[in-house]
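Please examine the sequence and the three-dimensional model shown here before reading on.

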Amino acid sequence: MILVHTPNPKEVAAYLDLFRAEMPEQTFASLEYGDCAEAQYLIAWGLPDGLLGRLPKLRALFALGAGVDKLLSRPDLPASLPIYRLLDGGMASQMTEYIRYGVLGYQRNMDIYRRQQAAGQWRMLAPRLPDDIRVGILGLGEIGSAVAKALAKDGYRVSGWSRGPKHIHHVHSLHGEAGLEKLLENSDVLACVLPSTRRPVAC
């Protein structure tokens, strides 16, 4: 049996309909309907406390998100339980749009203009080109790499940091402690796309 859970019941119902249509040979259930103890696989996001301890037959957990930092910090997570995460699921494009918005705002001095507006002032600033802006990306995993590629295509001077060496076209890749220091020293804008763990699992 495959157990599906998110904190939103309507979302769970939508997932159940989708999974049942795609895999009619499988048995799907939610916390509200079905014997949880029989679940062998869990597809979830936002697990309630103690849930994993109620699933003695669990063989794998599929996270409905790219980040697994909250899962890894759970005290009831079995050390041997395999965890699978989404590589994208549309999150890379959403994060890219969000970071593009922030970088463009910095390039166009929007933070200064907002302060001027609040003070009832207007003083035009010299425009800056994308090539004038050095953008640093912390984390070059699936999402970080997509962000770095998009910003480089926009014309920004992009550098990225990861624990190990990476090779991305038009992106200056750095790694290790020395690379991290160099990235921080040479970035006008810094975007962090790292998992929130004591030590990044993969970036």
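The model is predicted.

Strand β1, residues 2–5, runs parallel to strand β3, residues 41–44, and four bridges join the two. Within this pairing, V4 lies opposite I43 of β3. Strand β3 also pairs in the parallel sense with strand β4, residues 60–63, again over four bridges. Here Y41 has A60 of β4 as its bridge partner.

Elsewhere in the chain, four strands form an open sheet with parallel pairing, in the order β8-β7-β6-β9. The edges of this sheet are β8 (172–175) and β9 (189–192), each of which pairs on one side only. From one strand to the next, the twist averages 20°. Strand β7, residues 157–162, is joined to β8 by four bridges, and these two strands run parallel. In that pair, S162 stands opposite H175 of β8. In a regular strand, side chains alternate between the two faces of the sheet.

Helix α5 comprises the 12 residues 142–153. At 1.5 Å a residue, α5 should span 16 Å; its end C-alpha atoms lie 17 Å apart, which agrees with that expectation. Which residues of α5 are buried? They are I143, G144, S145, V147, A148, A150, L151 and A152, where buried denotes under 20% relative accessible area. These buried residues pack against helix α3 (91–107) and against β6 (134–138) and β7. Just after α5, G155 adopts a positive phi of about 105°.

Methods. Residues are numbered from 1 along each chain as its sequence is written. This is a predicted model: local features need pLDDT of at least 70, side-chain atom pairs count only at pLDDT 80 or more; totals for chains, interfaces and linings use all residues. Side-chain values use heavy atoms; hydrogens and water are left out. Two strands pair if DSSP finds at least two bridges between them. Axes are lines fitted to C-alpha atoms, for helices over the stretch in contact, and angles run from 0 to 180 degrees between N-to-C directions. The expected span of a helix is 1.5 Å times one less than its number of residues. Buried means under 20% relative accessible area, exposed over 50%, partly exposed in between (1.4 Å probe, protein chains only). Contact means heavy atoms within 4.5 Å.
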